[in-house]
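The following exercises are to be worked with the sequence and the model in view. Each task is followed by a solution in steps.

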Amino acid sequence: MIALPIVVGPTGSGKSDLAIELALAIGGEIVNCDSLQIYRHFDIGTAKVPEAERRGVPHHLIDLIEPGELFSAGQYGHVARQALGEIAGRGRVPIVVGGTGFYLRALLEGLSPGPARDESIRQKLSARTSVRLHRILSRLDPVAAARIHANDKNKLIRALEVRLVEGKPITAMFEQGRDPLTGFRPIKIGLSPPREMLYRRLDARAERIFEEGLLEEVRGILARGVPRDAKPFESLGYKQALQVVEGQLTMQQALESTQQETRRYAKRQLTWFRKEQNVHWIAGFGDDPAVQQQALAIIQ
């Protein structure tokens with residue numbers, strides 16, 4: 001059984017810093033588990049570690065697809081398992097890192113593929129607002145509604161599509177055809193820094209991404225022909241930056257909105273990962289040497 005370190009936690013908690021230190025210590029390679037870092041061209045706002053700062057540690061499943069492409073959690077589980085096998089086959093240690101809990105579940109437990117897309121249903125659902133879709137889902141599948149954010153229109157549409165096509169909740173579909181990961185022994189390490197300290201870091205990071213050229217990056221992405229309704233533009237920071245570029249928000253409004261929504265997102269991530277079983281929680285940030293030593297001791 002091959003050890004599989006997994007670093008989880010809220011955005012801004014230093015998961016990448018910790019993962020790189022662990023990789024250097026145990027001969028590891030990093031496998032991304034963030035649903036936004038798979039997209040090419042979206043760099044600043046997704047907090048991708050620049051090549052020069054990776055310290056020679058190979059990173060996998062970053063810049064995997066173009067922004068307009070569709071990519072499901074089930075697809076992620078498939079390609080991530082391939083990456084784990086290839087890394088282990090070279091005698092290296094795969095280290096899974098990221099804050100997308102649904103992707104991690106797909107990797108470790110497998111997901112039922114569910115029904116094929118029904119374009120007629122999706123078209124009708126797309127005409128409704130996210131808030132309205134969330135209300136409908138709350139009636140038809142309250143468990144799924146509790147797990148999906150009211151602004152995540154793509155996931156809301158898919159959950160309703162499954163409910164309407166299959167006549168059963170998407171949560172019930174997930175229990176069918178599970179294919180748990182074999183050959184690896186997950187060692188989950190969760191970062192849980194003090195809430196106020198985390199929020200201060202997140203606020204500062206939001207300021208930094210705008211200062212480092214988020215607006216220019218968004219203009220460049222649009223100039224490539226990427227449509228404004230591409231999924232990555234729904235994410236924190238990019239959504240607000242796009243509104244600035246289009247004259248809907250001022251810079252100050254965009255910054256304050258990004259800060260507020262990022263804090264809320266971090267709270268939701270912690271709530272999700274707290275439900276994960278067998279997580280070794282460490283009360284600190286991943287760039288803290290003491291936290292790094294604790295995590296290494298857990299793995300060893």
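**Exercise 1.** In this predicted model, state which residues are exposed on the other side of α2, which residues of α2 are buried, and how the buried residues are arranged about the helix axis.

*Solution.* Exposed residues have over 50% relative accessible area; on the one side of α2, these include His78, Glu86 and Gly89. Buried residues have under 20%, and in α2 they are Ala73, Tyr76, Gly77, Ala80, Ala83, Leu84, Ile87 and Ala88. Viewed down the axis of α2, the buried residues fall within an arc of 130 degrees, so they line one face of the helix.

**Exercise 2.** Identify elements that cover the buried residues of α2.

*Solution.* The cover includes the strands β1 (2-8), β2 (28-32), β3 (59-60), β4 (93-97) and β5 (184-191). It also includes the helix α3 (101-109).

**Exercise 3.** Check the span of α2 against its number of residues, then describe the residue Gly91 that follows.

*Solution.* Helix α2 comprises 17 residues (residues 73-89). The expected span is 1.5 Å times one less than the number of residues, which gives 24 Å for α2. The end C-alpha atoms of α2 are 24 Å apart, in agreement with that value. Gly91, which follows α2, has a positive phi near 80 degrees.

How values were computed:
Residues numbered from 1 in each chain as written. Predicted model: local features only at pLDDT ≥ 70, side-chain atom pairs only at ≥ 80, totals over all residues. Heavy atoms only, no water. Helix = DSSP H or I, 4+ residues; strand = E, 2+ residues; numbered from the N terminus. Buried < 20%, exposed > 50% of the residue type's maximum accessible area, 1.4 Å probe, protein only. Arc of directions from axis to C-beta. Contact = heavy atoms within 4.5 Å.
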